[in-house]
Amino acid sequence: MRAMVMQTAGRQLEPSEVPDPEPREGEVLVRVRSCGVCRTDLHIVDGELAEPKLPLIPGHQIVGEVADPGGARFAAGERVGIPWLGWTCGECRYCLAGRENLCLRAEFTGYTRDGGYAELAVADERYCFPLRGHTDDSHTAPLLCAGLIGYRALRFCGDAQRLGLYGFGGSAHIVCQVAAHQGRRVFAVTRGGEEAGAFARGLGAEWAGGADSLPEELDAAIVFAPVGELVVAALRALAPGGVVVCAGIHMSDIPSFPYELLWRERAIRSVANLTRADGEELLAVAAEAGVRTAVTVYPLADANVALDDLRAGRVEGAAVLAIETG
Ligand SMILES: [Zn+2]
Ligand SMILES: [Zn+2]
């Protein structure tokens with residue numbers, strides 16, 4: 001099959017012909033239709049995340065069709081989604097406590113297992129999602145990480161009414177729609193000028209602009225951009241009792257700040273990975289809220305271009321690879 005392969009960190013992915021993956025017991029073989037390009041892929045390709053499988057096929061927002069069902073969960077031809085969480089042990093203290101996102105031995109699609117920048121992928125059937133009600137491949141792919149991690153971050157905002165989104169990319173543009181549907185007031189903090197602001201307002205944000213010009217204080221903020229300074233900026237904007245949720249897997253250092261900014265029960269927390277329950281919930285909520293993702297579609301062979309565009313902030317919404325069948 002054709003695949004875009006990472007041989008080592010810090011280099012371009014190589015267009016390659018590799019053997020078709022062979023599903024093991026309990027795994028489905030999936031013909032990939034679409035695979036979202038996530039900022040985490042950039043961190044992996046750039047060598048900012050330690051010890052990826054090498055060589056590696058990146059990509060963890062996979063929409064495809066079951067070619068070989070393997071076990072009993074899916075039928076041949078059924079559309080499925082394969083997310084970042086690829087496998088958990090089921091035995092560690094986190095798995096036993098319903099926090100499989102923190103599993104000590106977890107495996108991750110497109111990081112410690114091969115992912116979806118390819119014509120075929122295999123996945124443990126227990127970690128795949130049925131995609132009933134989400135019929136468009138390219139528009140569904142970004143839900144599988146950008147949407148899902150964003151939704152987990154949104155849950156940690158509790159009942160916050162005034163929600164700030166710092167960095168308005170693939171994840172925020174989905175969370176914005178869900179939050180607005182829930183009746184929250186969304187404030188989009190962007191560096192992108194009028195165009196980015198109009199994009200955010202078109203998806204339900206009440207206000208969009210720079211961090212220094214927020215019109216009122218926030219009850220919660222989600223930081224999507226991997227920029228430590230934004231954590232302090234968001235903390236500065238919080239009302240007492242508010243929370244800053246960091247949604248990325250990697251971020252530059254957070255500068256020191258006066259304790260006064262944290263005082264009055266403000267909190268900073270991160271979200272890590274996902275649970276299968278998060279995925280099922282987000283897919284249902286996105287359908288109910290009528291979430292429409294904005295996507296820029298690239299052919300598989302242009303994965304490096306997609307990554308460069310994401311790095312440079314040139315993508316409005318989410319970048320997605322479409323795998324044409326050949
Ligand atoms: Zn575990
Ligand atoms: Zn991701």
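A: Start with helix 7, whose buried residues pack against strand 10 (162-166), strand 13 (218-223), strand 14 (238-246) and strand 15 (267-270). Before going on, some bookkeeping: this is a predicted model, where local features need pLDDT of at least 70, side-chain atom pairs count only at pLDDT 80 or more, and totals for chains, interfaces and linings use all residues. Residues are numbered from 1 along each chain as its sequence is written, while chains are lettered from A and ligands numbered from 1 in the order in which they are written. Helices (H or I, at least four residues) and strands (E, at least two) are DSSP runs, numbered from the N terminus.

Helix 7 covers residues 228-237, and its buried set is Leu230, Val231, Ala233, Ala234, Leu235 and Ala237. Here, buried means 20 or more other C-beta atoms within 10 Å of the residue's own, exposed means 12 or fewer, and partly exposed is in between, with C-beta atoms placed from the backbone. As background, an α-helix has 3.6 residues a turn, so residues three or four places apart point the same way.

Neither is a glycine, yet phi is positive at about 70° for Arg264 and about 60° for Glu265. Arg264 is exposed, with 11 other C-beta atoms within 10 Å, and Glu265 counts as exposed too, with 9 such neighbours.

Next, a helix pair. The axes of helix 4 (residues 146-155) and helix 5 (residues 170-181) come within 8 Å and cross at roughly 55°; axes are lines fitted to C-alpha atoms, for helices over the stretch in contact, and angles run from 0 to 180 degrees between N-to-C directions. That angle makes helix 4 oblique to helix 5, given that under 35 degrees is roughly parallel, over 145 roughly antiparallel, 65 to 115 roughly perpendicular and the rest oblique. Helix 4 contributes Ala146, Gly147, Ile149, Gly150, Tyr151 and Leu154 to the contact, and helix 5 contributes Gly170, Ser171, Ala172, Ile174, Val175, Val178 and Ala179; contact means C-beta atoms, placed from the backbone, within 7 Å. By class that is 9 nonpolar, 4 polar and no charged residues, counting Ala, Val, Leu, Ile, Met, Phe, Trp, Tyr, Cys and Pro as nonpolar, Asp, Glu, Lys and Arg as charged, and the others, Gly among them, as polar.

Zooming out, the domain assignment gives domain 1 (2-144 + 274-322) and domain 2 (148-270), with bounds from an automatic or database assignment. Their centres, taken over C-alpha atoms, are 25 Å apart. Domain 1 puts 23 residues into the contact and domain 2 puts in 15. On the domain 1 side, helix 1 (39-45) and helix 8 (276-289) each supply at least two residues, and helix 8 has the largest share, 7 residues. That side divides into 13 nonpolar, 5 polar and 5 charged residues.

One last stop is the loop between helix 1 and strand 4, where Glu48 is found. Glu48 touches His43 and His250, leaving out residues up to four places away in sequence. Glu48 and His250 are 202 residues apart in sequence but 7.5 Å apart in space, C-alpha to C-alpha. With 15 C-beta neighbours inside 10 Å, Glu48 counts as partly exposed. Pro55 sits in the loop between helix 1 and strand 4 (62-68) as well, joined to Leu54 by a cis peptide bond with omega about -15°.

Note on methods
Contact = placed C-beta atoms within 7 Å.
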